[in-house]
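Hi,

Here is the structure I promised to pass on, with the sequence alongside.

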Amino acid sequence: MDKTSIHGMWSSRLMFILAATGSAVGLGNIWRFPYMTSDNGGGAFVLVYLGCILLVGLPILMAEILIGRHGRVSPVNTLRGLARESGVSRGWVGIGWIGIVAGILILSFYSVVAGWTLHYTFLYVKQLFGGAPISDPGATFAALLGDPLELTFWHAAFMLLTVGVVALGVEKGLERAVRFLMPALFVLLLLLVVYGMTTGYMGQAAAFLFRPDWSVIDGGTFLRAMGQAFFTLSLGMCTMMTYGAYLPKGISIPRVGVAVALTDTCVALLAGLAIFPVVLSFGLDPAGGGPGLIFTSLPLAFEAMPFGILYGLAFFGLLAVAAWTSSISLLEPATAFLVERFGVKRRKRAAIAIASLSWVLGLLSVLSLNRLSGVRILGRDIMTFIEFIANDLMLPLGGLLIALFAGWALNRTILREQLPDMPEALFLVWRWLMRVVAPLLVLIVLVRAVV
Ligand code: TRP
């Protein structure tokens, strides 16, 4: 007999796809993917990244959804139940704890960067009403990073948006948010690509994105591509496991998995196709843009083009929305855990407690951009260090353990019950990827990140 989740259930397959895509599509696609591509030599990075998505990302995405749907509770309790059922060590519960800690860490800096997008959205709203144009984007960006109060304000505003949705719960909060926000996001992004076509630089942008220059590939490229694959698909910290717990029986996991991975990848590539023509048409260098890439280059274009203010408003508004539907999913696993611990009536308080913790931690990232910019931990500033611990260590470690758990600890009956429609040959390929290929590839990345 199938259980239902006490946190609520997705009302349809489409709802799950929208929510999971909403989680996957975020700053990772529109802010991080373009600048990572820019910093790592273009096409070659993109190809390695696509390989990571296919061989590691998609299979682990399916594993997370599957584990979640079988357990129907928050990751910690799901893993506890599954480990007992399969007669394996209780130690696997550690995956859930890694997820809770990683979620709080990632949310802390994610909310800070999302705050930048809110700030920029606001700058364009002000321009609509006669505010000063962003004539020197580099200076505008530097001024923002140098102002701890401004950063803290937007960080707080974004965290409030996030906690608001999560506190309302699955049907009332998450679904209502994604139903309108996701489709709007796709339309806006497509419009931006159409604009890119009118610049006359689409061919050059496509060449940068898709023509690989293998001479720039090294071990580090592989490492960053793998990290990006985990981050962009929201893998390794039980986000997708949590969303899977609310997935009704009878919906095909391979199909929704492919839909989510494909949409996420398309959005990242579309973001590239939207951004690089603009970068190129203003004579900017598409290589080596760094984390400030979209903030320091795009406003230049927005100031010069017709309806640029509206375009800028749409672009940064879109980015804030994409970040919002992602941050919700960073907060949900830990919230669901607290709810199970202290009762369903406590959802609001649970969400607020976790978000507050994350917000306070985020202040460290805020200060590392200005007052504490000189502080170095293992050669990194504080924000980069937190990002490194969470993205480069905890996500791959979580992913590795999830792959091993699904591949070796879960018995065939459980797996087959969750994947009834998968052809046997594909099932064997997937299980082999879980058992050997994905763990091995991730292990290489992890070892490289540590050494
Ligand atoms: N995938 C989101 C993005 O690309 C970020 C995100 C949401 C995430 N939930 C996650 C990343 C869980 C890692 C793990 O912006």
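The largest share of the lining of the second largest pocket comes from α3, with five residues. Helices here are DSSP runs (H or I, at least four residues), numbered from the N terminus. This is a predicted model, where local features need pLDDT of at least 70 and side-chain atom pairs pLDDT 80 or more, while totals for chains, interfaces and linings use all residues. Residues are numbered from 1 along each chain as its sequence is written, and side-chain values use heavy atoms, leaving out hydrogens and water.

The volume of that second largest pocket is about 250 Å³. On a 1 Å grid over the protein atoms alone, a pocket is an open set of points with protein on both sides within 12 Å along at least five of seven lines, a cavity is a set where a 1.4 Å probe fits but cannot get out, and lining residues have an atom within 4 Å of a point. Points are joined across faces, edges and corners, and a volume is the space filled by probe spheres set on them. Of the 14 lining residues, Leu-58, Met-62, Met-422, Leu-426 and Trp-430 lie nearest the centre. By class, the lining has 13 nonpolar, no polar and one charged residues (nonpolar: Ala, Val, Leu, Ile, Met, Phe, Trp, Tyr, Cys and Pro; charged: Asp, Glu, Lys and Arg; polar: the others, Gly among them).

The largest pocket holds about 550 Å³. Its lining has 26 residues, and Arg-32, Tyr-35, Pro-291, Thr-384 and Glu-387 are the closest to its centre. α16 gives the most to this lining, six residues. The classes here are eleven nonpolar, seven polar and eight charged.

The largest cavity has about 150 Å³, and its 18 lining residues include Ser-23, Tyr-110, Phe-231, Ser-234 and Leu-330, which lie nearest its centre. This lining divides into nine nonpolar, nine polar and no charged residues. The second largest cavity, about 30 Å³, is lined by Leu-223, Gly-227, Asn-391, Asp-392, Pro-396 and Val-445. α16 supplies three of these, the largest share.

Lastly, the helix pair: in α6, Pro-137, Gly-138 and Phe-141 meet Phe-295, Thr-296, Pro-299 and Leu-300 of α13 (contact means heavy atoms within 4.5 Å). The residues of this contact are five nonpolar, two polar and no charged.

Best wishes

How values were computed. Helix = DSSP H or I, 4+ residues; strand = E, 2+ residues; numbered from the N terminus.
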